[in-house]
Amino acid sequence: MRKYDGERAFTYEKTRVNNEAWQWQQVAVESILHRYKPCHVLDAPVGTGRFFGVYREIGADVIGIDVSRDMLDIARAKGFDYTLLVADLFEARWPNFVVSTRFFGHLTHRKKIKFLAKVREYLLFSHGFDAYEYIAKENLEIIETHEMGDGRHCVSLVKRNGVIPTASHKQGQS
Ligand SMILES: C[S@@+](CC[C@H](N)C(=O)[O-])C[C@H]1O[C@@H](n2cnc3c(N)ncnc32)[C@H](O)[C@@H]1O
């Protein structure tokens with residue numbers, strides 16, 4: 001994935017906020033968060049913290065992680081009292097509710113598998129149509145899914161059905 005540093009980080013949200021897909025995604029994610037009201041959320045990658053407003057509305061404790069210090073600086077400047085850490089989401093232990101937008105679609109096949117294998121309980125994420133196959137292979141249950149209707153943009157809340165991935169489970173993946 002390309003780096004989100006410097007000017008790219010600085011202009012990231014400003015240049016997307018009026019984009020139709022961004023706005024659709026924002027509404028879809030916010031509506032799910034408003035209904036499920038998770039008390040603890042890991043937002044990974046948190047980027048510029050686009051969901052901080054809704055996290056405050058639902059009273060969630062938030063940890064945000066991102067590999068880009070510059071994206072985190074922009075998120076921090078929004079003035080919310082959340083824990084924001086420079087970290088690789090593949091190395092982090094995921095809590096029970098994770099939000100991840102605009103990330104899955106950038107991953108390679110192997111990384112998509114690795115990403116979904118990290119789900120402990122709930123994952124709310126944005127993705128393309130290819131994700132349904134990965135979700136099925138990982139035996140995740142789709143709680144709800146929203147499709148923008150352009151054949152590209154989807155948002156889903158998925159849940160691991162009882163089984164937390166183990167070492168032997170991961171070995172079974174190729
Ligand atoms: C397209 S942005 C999405 C940010 C935010 N989720 C959003 O919806 O605007 C992708 C972000 O992923 C971050 N990133 C890339 N690889 C990562 C990794 N392995 N762990 C954590 N963050 C990563 C980048 O620094 C960038 O901020």
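## Burial, packing and backbone

Me: In this predicted model, is Ala 92 buried, exposed or partly exposed, and where is Ala 92 placed?
Reply: Around Ala 92 there are 15 other C-beta atoms within 10 Å, whereas a buried residue needs 20 or more and an exposed one has 12 or fewer. Ala 92 therefore counts as partly exposed, and its place is in the loop between β3 and β4.

Me: Which residues does Ala 92 touch, leaving out those up to four places away in sequence, and how far apart in space are Ala 92 and His 40, C-alpha to C-alpha?
Reply: Once residues up to four places away in sequence are set aside, Ala 92 touches Ala 44, Ile 65 and Ala 87. His 40 is 52 residues from Ala 92 in sequence, and their C-alpha atoms are apart in space by 15 Å.

Me: How does the reach of helix α2 stand against the expected value, and which of its residues are buried?
Reply: Helix α2 covers residues 20-36, and from the C-alpha of the first to that of the last of its 17 residues it reaches 25 Å, close to the 24 Å expected at 1.5 Å a residue. Its buried residues are Gln 25, Ala 28, Val 29, Ile 32 and Leu 33.

Me: Why do the buried residues of α2 lie on the same side, and which exposed residues does the face turned away from them carry?
Reply: The buried residues of α2 lie on the same side because they cover an arc of only 130 degrees around the axis. The covering of this buried side includes α3 (52-58), β4 (97-100), β5 (122-127), β6 (140-147) and β7 (154-160). On the face of α2 turned away from the buried side, the exposed residues are Glu 20, Gln 23, Val 27, His 34 and Arg 35.

Me: Why does Gln 25 count as buried, which residues does Gln 25 touch beyond four places in sequence, and what separation do the C-alpha atoms of Gln 25 and His 146 have?
Reply: Gln 25, found in helix α2, counts as buried because it has 21 C-beta neighbours inside 10 Å, where the cut-off is 20 or more. Not counting residues up to four places away in sequence, Gln 25 touches Thr 101, Ser 126, His 153 and Val 155. Although Gln 25 and His 146 are 121 residues apart along the chain, their C-alpha atoms are separated by 9.1 Å.

Me: Which buried residues does helix α4 have, and what do they pack against?
Reply: In helix α4 (residues 69-76) the buried residues are Met 71, Leu 72 and Ala 75. Seen down the axis of α4, these buried residues fall within an arc of 100 degrees, so they line one face of the helix. They pack against α1 (6-12), β2 (61-66) and β3 (83-86).

Me: How many residues does the largest nonpolar core have, and which residues is Val 41 in contact with beyond four places in sequence?
Reply: The largest nonpolar core has 38 residues, and those with the most contacts inside it are Val 29, Val 41, Leu 123 and Leu 124. Leaving aside neighbours within four places in sequence, Val 41 is in contact with Tyr 55, Ala 60, Val 62, Phe 97 and Val 99.

Me: Where does Asn 139 lie, and what is its phi?
Reply: Asn 139 lies in the loop between α6 (131-137) and β6, and is partly exposed, with 13 other C-beta atoms within 10 Å. Its phi is a positive value in a residue other than glycine, near 60 degrees.

Me: Which peptide bond is cis, and in which loop is Pro 45 found?
Reply: Most peptide bonds are trans. The bond from Ala 44 to Pro 45 has omega near 0 degrees and is cis. Pro 45 is found in the loop between β1 (40-43) and α3.

Me: How many residues surround the ligand, and how do they divide into nonpolar, polar and charged?
Reply: The ligand is surrounded by 17 residues, of which the closest are Pro 45, Gly 47, Ser 68, Thr 101 and Arg 102. The residues of this shell divide into 10 nonpolar, 3 polar and 4 charged.

Notes:
Residues numbered from 1 in each chain as written. Predicted model: local features only at pLDDT ≥ 70, side-chain atom pairs only at ≥ 80, totals over all residues. Helix = DSSP H or I, 4+ residues; strand = E, 2+ residues; numbered from the N terminus. Expected span 1.5 Å × (residues − 1). Arc of directions from axis to C-beta. Contact = placed C-beta atoms within 7 Å. Near = placed C-beta within 6 Å. Nonpolar A, V, L, I, M, F, W, Y, C, P; charged D, E, K, R; others polar. Core = buried A, V, L, I, M, F, W, Y, C linked by C-beta atoms within 7 Å.
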